[in-house]
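Hi,

Here is the structure I said I would pass on. Have a look at it first, and then read my notes below.

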Amino acid sequence: MRRSAAAVGSSLFLALAPGTVAVLLPWWLTGWRAGQWWPPVRVLGLVPLAAGAVVLLSAFTRFVAEGLGTPAPVAPTEHLVVGGLYRHVRNPMYVAVVAVIAGQGLLLARPVLLVYGAVAGLVMAAFARWYEEPELTGRFGAEYERYRAAVPGWWPRLRPWRGPG
């Protein structure tokens with residue numbers, strides 16, 4: 001896939017998938033109406049919200065630059081993406097989406113978003129386990145198995161993995 005096509009496809013998928021899960025559905029659940037929590041707790045929500053947004057954009061960029069493809073199953077990468085944040089955790093996009101939702105939950109003082117974020121995280125973990133991992137094993141074989149053995153799926157390792165990439 002050409003880098004320009006990967007960029008367009010990744011941008012569309014970013015708007016469609018994470019945009020729906022991390023923006024549209026939280027808006028639908030809350031109407032962006034805030035509750036009444038202690039202000040410092042609400043302001044604390046900006047940390048996971050901003051960090052999650054930065055991680056999400058970084059991960060999508062990595063798919064274009066390193067993988068020459070998109071995160072969408074219909075237009076996968078040509079190369080296994082193992083650089084950048086992927087040296088610390090295998091699923092930075094999913095972790096970032098949950099962080100964005102949790103940040104909104106704190107910022108808006110809306111517990112429904114915290115519950116929604118937990119459910120969304122479980123759905124993403126199931127998708128990763130039962131679809132993505134077998135798919136990546138089939139496409140990239142031993143390369144993915146080495147990466148999977150070295151890099152945790154959900155809790156980032158402190159030191160980056162120094163494998164290929």
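Which residues does Tyr86 touch, not counting residues up to four places away in sequence? Keep in mind that this is a predicted model. The contacts of Tyr86 are Ala59, Arg62, Phe63, Val81, Pro92, Met93, Tyr147 and Val151.

Tyr86 also turns up in the largest nonpolar core, which has 26 residues. Along with Leu56, Leu80, Met93, Val97, Ile101 and Tyr147, Tyr86 touches the most other members of that core. Two or more core residues come from each of H3, H4, helix H5 (111-140) and helix H6 (142-150). As background, nonpolar side chains tend to be buried together in soluble globular proteins.

Is Glu66 buried or exposed? Glu66 counts as buried because its relative accessible area is 17%, and the cut-off for buried is under 20%. Its side chain reaches the backbone nitrogen of Gly83 at 3.1 Å. Leaving out residues up to four places away in sequence, Glu66 touches His79, Leu80, Val81, Val82 and Gly83.

Now for the surface. Val23, Leu24, Leu25, Trp27, Trp28 and Trp32 make a nonpolar patch of about 640 Å² there. One of them, Leu25, sits in helix H1 (residues 3-30). Leu25 has 32% relative accessibility, so it counts as partly exposed.

How values were computed: Residues are numbered from 1 along each chain as its sequence is written. This is a predicted model: local features need pLDDT of at least 70, side-chain atom pairs count only at pLDDT 80 or more; totals for chains, interfaces and linings use all residues. Side-chain values use heavy atoms; hydrogens and water are left out. Buried means under 20% relative accessible area, exposed over 50%, partly exposed in between (1.4 Å probe, protein chains only). A polar contact is a pair of N or O atoms within 3.5 Å; within protein, one must be able to donate a hydrogen and the other to accept it, and residues adjacent in sequence count only if both atoms are side-chain atoms. Contact means heavy atoms within 4.5 Å. Patches are made of residues with over 30% relative accessible area and no salt bridge: like charges are joined within 9 Å, nonpolar side chains (Val, Leu, Ile, Met, Phe, Trp, Tyr) within 5 Å. Accessible areas come from the Shrake-Rupley method with a 1.4 Å probe; for residues, only the protein chains shown count as cover. A salt bridge is a side-chain nitrogen of Lys or Arg within 4 Å of a carboxyl oxygen of Asp or Glu. Helices (H or I, at least four residues) and strands (E, at least two) are DSSP runs, numbered from the N terminus. A nonpolar core is a set of buried Ala, Val, Leu, Ile, Met, Phe, Trp, Tyr and Cys residues joined through side-chain atoms within 4.5 Å.
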